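Please look over the sequence and the structure shown here.

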There are 2 protein chains.
Amino acid sequence: MSVITLAHGGGGSLQNELIRQEIVTRFSSPLLASLPDGAVTPEGLVISSDSFVITPRFFPGGNIGKLAVAGTVNDVLMAGGIPQYLTCSLIIEEGLELDELRKILDSMAEMAAACKVSIVTGDTKVVPRGSGDGLYINTAGVGFKRTGLTLGVERFAPGDKIIVSGSIGEHGLSVLASRFGMDCENLSSDCACLDKVVDVLVGNTDNGSGIKFMRDATRGGVLGITAEIFEKSACGATLYEDKLPVTATAAAVAKLLGIDPGFAACEGRLVAVVSSEYAEKCVKMLAENVADARSAAVIGEVTAQPGSVKMCGAWGTLRKLVVPAGDQLPRIC
Amino acid sequence: MSVITLAHGGGGSLQNELIRQEIVTRFSSPLLASLPDGAVTPEGLVISSDSFVITPRFFPGGNIGKLAVAGTVNDVLMAGGIPQYLTCSLIIEEGLELDELRKILDSMAEMAAACKVSIVTGDTKVVPRGSGDGLYINTAGVGFKRTGLTLGVERFAPGDKIIVSGSIGEHGLSVLASRFGMDCENLSSDCACLDKVVDVLVGNTDNGSGIKFMRDATRGGVLGITAEIFEKSACGATLYEDKLPVTATAAAVAKLLGIDPGFAACEGRLVAVVSSEYAEKCVKMLAENVADARSAAVIGEVTAQPGSVKMCGAWGTLRKLVVPAGDQLPRIC
């Protein structure tokens, strides 16, 4: 491997290898070592950064601006932070319609207000025609660590439950469908901020002490990121295929496109590992209190086999889940 | 104006108009209103973000990685912060040579170590061939506000001195020269972190109380950014052309290329407004103590004419300086 390929950006094992071997080794910060989407500093700051290169920029249920706010806010939340400040850096390709930019900025402002973060600084660069693809947005987020939360794979114990906060794969599927010009009623991106979901989880796990891990199921989808979470764990997991919340429309589109919805990206769903005593209550309270989380479900449990993630299929057969090499779909975020 | 043009990214009045009219109005954060390169939060955090799209990626004296660290570190410093944490988000065009990426990451690591910041999190995206230009880097910086510093144009008073921390225009000129394949001995980018410069200024102005404003002279150069600083001020400024520290090589290259070095970008020089009693001492101490600041100079003074920045030429004639519409050179950072 001597050049960068699209798969290096797909959120799978090739990307992990690139980041671990080429980036983390060089920057050698202890905070980087566990490859968090958000770093927690000794002062209790939670810092995250994400660039958004999604195509198309407008998709059912959102656009690149909404996504850029939700994505970074979610990364801060998943690292145990309460997001507070956001930066907004634009790389605009010469020729972008100003009206389109306005709509995207409107969405960013709306989303930032909805999840109570302030966009406090930014940067605007313009690159010549042919050196970009309309618009790329980077957002960095800064938040403050919640007290009471201690997150880490080292806390996993056999019997813990794995929760997903809503129906899965809809972001990736709807983006792909819109690339093919498919107009799917009832299918739109799940793009959303997870602040209310986290509030409910914390509120129903003894002030968060029962939450052991959270991760938003972006590139790689619920199954890809679950495989990744357990890769370095002393425990394993078993997931149950029939427990995965997949809507009828998402299932139909997935079948049509030949995509496993479990590996299709979400942009407003999280996977959480919680102590078993809190699991059912969390799912119930999510379904009752958060509009986006009606389909929240316990999808599996932690086992004693280190690093092994298995999927229990419809006939009770087990198959091994591995971290995909790259995403099924490039540029879905 | 209905589409974005290259000049919207040039750091001049067109960009300011875009940012003020389209971005600041929407995001409506009080911290954004003064268009700082770094925001200072009520908790005393200083946050900054910059995307780097420079071409070519390697230039005399540096590369895009070195620049991406220095640029954001400097923005945090200029806002009165002590930089501590950096994020690193890459947008890589498919096909980038891995060896090239390694060199760039090496430079980032080296520069981060030199100015004592930790790169704590990041993101990697890959876009298809033709949708980027090799590599764009976004860095966001988080620091902590220095005590004793109060920066703001509202503190300007007639008689204050304007300091530049070293010879000017060399970043922009050397990037342009390298685009033309010119091999200029003795001309290389001034790309550097300004941490030591700020330390010396603070150390020689009664713990910083004598510093009224700092800004790194990037897009727009020393003259462009000075015009911008005073645009909204109740004071004005007079600069002296013969005091501008321009090296003989930079002057020769500028003449050859038809570029005013005063408007050519620096990436390791700051313009500071200080109380007059500290000015000469600051310049002397900078020249003696910071390798990059041998040519530090007092280049002008604050006047009572609101918003008016004048340049006193070689024959004592005054001309008005205005904020350029865009940069002379696109993509110099």
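## Cysteines

The count of disulfides over all chains is zero. The model is a predicted one. A disulfide is a covalent bond between the sulfur atoms of two cysteines.

Why is A:Cys191 too far from A:Cys193 for a bond? The closest cysteine sulfur to that of A:Cys191 belongs to A:Cys193, and it is 7.6 Å away. A:Cys191 is buried, at a relative accessible area of 5%. In chain B, B:Cys184 is in no disulfide either; the nearest cysteine sulfur, in B:Cys266, lies 16 Å away. B:Cys184 is buried too, with a relative accessible area of 18%.

## A five-stranded sheet in chain B

Chain B has an open sheet of five strands, in the order S1-S2-S7-S5-S6. Its pairing is mixed. Strand S1 (38-40) and strand S6 (118-127) of chain B are the edges, and each pairs on one side only. On average, neighbouring strands of this sheet are turned by 15 degrees against each other, direction ignored.

B:Val40 has B:Val46 of S2(B) as its bridge partner. In general, strands of a sheet pair through backbone hydrogen bonds, either parallel or antiparallel.

Helix H3 (residues 98-114) of chain B lies across strand S5 (81-93), S6 and strand S7 (135-145) of chain B. The helix runs at about 10 degrees to S7(B).

## Symmetry of the two chains

What rotation superposes chain B on chain A? The rotation is 180 degrees, with 0.0 Å of shift along its axis and an RMSD of 0.0 Å. That is the relation of a two-fold axis. Of the residues of chain B, B:Gly132 comes closest to the rotation axis, with its C-alpha at 2.2 Å.

## Salt bridges

There are 33 salt bridges over all chains. One of them joins the side chains of A:Lys161 and A:Glu301, at 3.0 Å from N to O. This pair links distant parts of the chain, 140 residues apart: A:Lys161 is in strand S8 (residues 161-164) and A:Glu301 in strand S12 (residues 297-303) of chain A. A:Lys161 is partly exposed, at 22% relative accessible area. A:Glu301 is partly exposed as well, at 26%.

B:Glu100 forms a salt bridge with B:Arg57, with the closest N and O atoms 2.6 Å apart. B:Glu100 sits in helix H3 of chain B, while B:Arg57 is in the loop between S2 and strand S3 (58-59) of chain B, 43 residues apart. Are these residues buried or exposed? Both B:Glu100 and B:Arg57 are buried.

A further salt bridge connects the side chains of B:Glu241 and B:Arg319, at 3.4 Å from N to O. B:Glu241 is in the loop between strand S10 (236-240) and helix H7 (248-257) of chain B, and B:Arg319 in strand S14 (residues 318-320) of chain B, 78 residues apart. B:Glu241 is partly exposed at 32% relative accessibility, and B:Arg319 is partly exposed at 36%. Salt bridges with shared partners also join A:Glu22, A:Arg26, B:Asp99, B:Arg102 and B:Asp106 into one network.

Note on methods:
Residues are numbered from 1 along each chain as its sequence is written. Chains are lettered from A and ligands numbered from 1 in the order in which they are written. This is a predicted model: local features need pLDDT of at least 70, side-chain atom pairs count only at pLDDT 80 or more; totals for chains, interfaces and linings use all residues. Side-chain values use heavy atoms; hydrogens and water are left out. A disulfide is a pair of cysteine sulfur atoms within 2.5 Å. Buried means under 20% relative accessible area, exposed over 50%, partly exposed in between (1.4 Å probe, protein chains only). Two strands pair if DSSP finds at least two bridges between them. Helices (H or I, at least four residues) and strands (E, at least two) are DSSP runs, numbered from the N terminus. Axes are lines fitted to C-alpha atoms, for helices over the stretch in contact, and angles run from 0 to 180 degrees between N-to-C directions. Contact means heavy atoms within 4.5 Å. Copies are superposed by least squares on the C-alpha atoms of residues with pLDDT of at least 70 in both. A salt bridge is a side-chain nitrogen of Lys or Arg within 4 Å of a carboxyl oxygen of Asp or Glu.
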